[in-house]
Amino acid sequence: MAVNATPEYEKAEARYRSATAPQEELDALQEMLRLIPKHKASEKKQSDIKRRIKALRQDLAHSRAATTATTDPYYIPRGGAGQVAVVGLPNTGKSSILAAVTRAPVKVGEYAYTTSVPVPGMWPWQDAQIQLVDTPPFTPEHVEGGLVNLLHRADAVLVVVDAASPESLDQAESALAALAGKGIELLDVPEVEMPEETPNARPGLIAATHADVVGPDEIATLAELYAGPLKVVGVDCTGPEGLEALAGALWRLLHVIRVYTKRPGQKPDMEAPFTLPIGATVEELAASIHRDLPEKIKFARLWGPGRHDGQQVHRTETLHDRDVVELHE
């Protein structure tokens, strides 16, 4: 993030990343908004912070209004490399996707409204995990307020349509129109690349299920209709190869990198990488490990493409996908 952020701002951002409760997230975001340098280069970041503050305030207000014995089923803590909200009209195949790639206890049925509350699940992909949240279906006439808040908080939105249905185009149009009616526009770009003129836009794409039934020509026809603002990915839930394109498309929208760590004199842990935003630094990696660690590190050593093995770097060094980092206190 080229906004010349101060150390105080970076500490507030680290607190936000390590927060485990909505109020902690809100407090950190408000501090970030107060501390971020106010200039042209930071306008997108300021807009993003304000959007997250608004969503969290709405969520907290909703939670306070509920009885103490009731929790908000639409508040799902983020996990993995990023949170993807899976949405759509009834019987489009949302739950089938989660059932195919996660161990989430979703119900797959031929009848409408099989999913009654949001159900999160982790999708192991390569050496990372993507969090999918199956949500209750909505209709063109009604979108739950809790779902709207979830979509504002999520890192990306996946709209599911049934490519084998003669109404697949109507499903896509109705779903996108219903979301637009709630102020949510979906674009096929990561959040940090959103146009300034669309502050409420969210990263998103369309998944067309039953691609194995209709064939590539039908998927291509649907994709042509949305070329530009949205990407359409054909999905075949009968095998892992039918979901690989979807995983890659979601990974691009999440806009993250994988970073591995090692202790001095030991081999790196190549099975459980840390996932960080593209452009993250050594210091941000340290903060994701422990909030107090950035204050302790003196330097780091890096291994990765385009680097000398064990290259010594400062805490402000920008990290790249699949870097190996050795922190020194």
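Reader: Which residue stands opposite Val259 in E9?

Author: The model considered here is a predicted one. As a general idea, strands of a sheet pair through backbone hydrogen bonds, either parallel or antiparallel. In this case, Phe274 in E9 is the residue opposite Val259. The two strands concerned are E8 (residues 256–261) and E9, which run antiparallel and are joined by 4 bridges.

Reader: In what order do the strands of the open sheet lie?

Author: The order is E9-E8-E12-E10-E11, an open sheet of 5 strands with mixed pairing. At its edges stand strand E9 (274–277) and strand E11 (311–313); each has a single partner strand, so one side of each lacks a neighbour in the sheet. On average, neighbouring strands of this sheet are turned by 40° against each other, direction ignored.

Reader: Which helix packs on the sheet?

Author: Helix H10 (residues 282–289) does so, touching E8, E9, strand E10 (299–303), E11 and strand E12 (323–328). The direction of H10 makes about 130° with that of E9.

Reader: Which strands pair with E6?

Author: Strand E4 (residues 156–162) pairs with E6 in the parallel sense over 6 bridges, and within that pairing Val159 has Ile206 as its bridge partner. Strand E5 (residues 185–187) also runs parallel to E6, joined by 3 bridges, with Leu186 opposite Arg202. Strand E7 (residues 232–234) is likewise parallel to E6 and joined to it by 3 bridges; there, Ala207 stands opposite Val233.

Reader: Which residues of the largest nonpolar core touch the most other members?

Author: In soluble globular proteins, nonpolar side chains tend to be buried together. Here the largest nonpolar core has 32 residues, and Val87, Phe138, Val159 and Ile206 touch the most other members. Two or more residues each come from strand E1 (83–87), H5, E4, helix H6 (168–181), E6 and helix H8 (216–225). The largest share, 5 residues, is that of H6. Among the residues that Val87 touches are Phe138, Leu147, Leu151, Val159 and Leu179. A second, separate core of 30 residues includes Trp123, Leu132, Ala247 and Trp251.

Reader: Is helix H5 largely enclosed or exposed, and which of its residues are buried?

Author: Of the 9 residues of helix H5 (residues 145–153), 8 are buried, so the helix is largely enclosed by the rest of the structure. The buried residues are Gly146, Leu147, Val148, Asn149, Leu150, Leu151, His152 and Arg153.

Reader: How many aromatic pairs are counted?

Author: A pair of aromatic rings is described by the distance of the centres and the angle of the planes. The count in this model is 1 aromatic pair. Trp125 and Trp251 form this pair, which is tilted, at 5.6 Å centre to centre and 45° between the planes. The pair links distant parts of the chain, with Trp125 in strand E2 (residues 119–125) and Trp251 in helix H9 (residues 244–254), 126 residues apart. Trp125 is buried, with a relative accessible area of 9%, and Trp251 is buried with a value of 10%.

Reader: Finally, which backbone atom does the side chain of Gln131 reach?

Author: The side chain of Gln131 reaches the backbone nitrogen of Gly79 at 3.3 Å. Gln131 is found in strand E3 (residues 128–134) and is buried, with a relative accessible area of 6%. The residues touched by Gln131 include Ile76, Pro77, Arg78, Gly79, Val84 and Met122.

Technical notes: Residues numbered from 1 in each chain as written. Predicted model: local features only at pLDDT ≥ 70, side-chain atom pairs only at ≥ 80, totals over all residues. Heavy atoms only, no water. Buried < 20%, exposed > 50% of the residue type's maximum accessible area, 1.4 Å probe, protein only. Pairing = 2+ DSSP bridges. Phe/Tyr/Trp six-rings, centres within 6.5 Å; stacked < 30°, edge-to-face > 60°. Polar contact = N/O pair within 3.5 Å; in protein donor to acceptor, adjacent residues only side chain to side chain. Contact = heavy atoms within 4.5 Å. Core = buried A, V, L, I, M, F, W, Y, C linked by side-chain atoms within 4.5 Å. Axes fitted to C-alpha atoms, helices over the stretch in contact; angles between N-to-C directions. Lists of a residue's contacts leave out its neighbours within four places in sequence.
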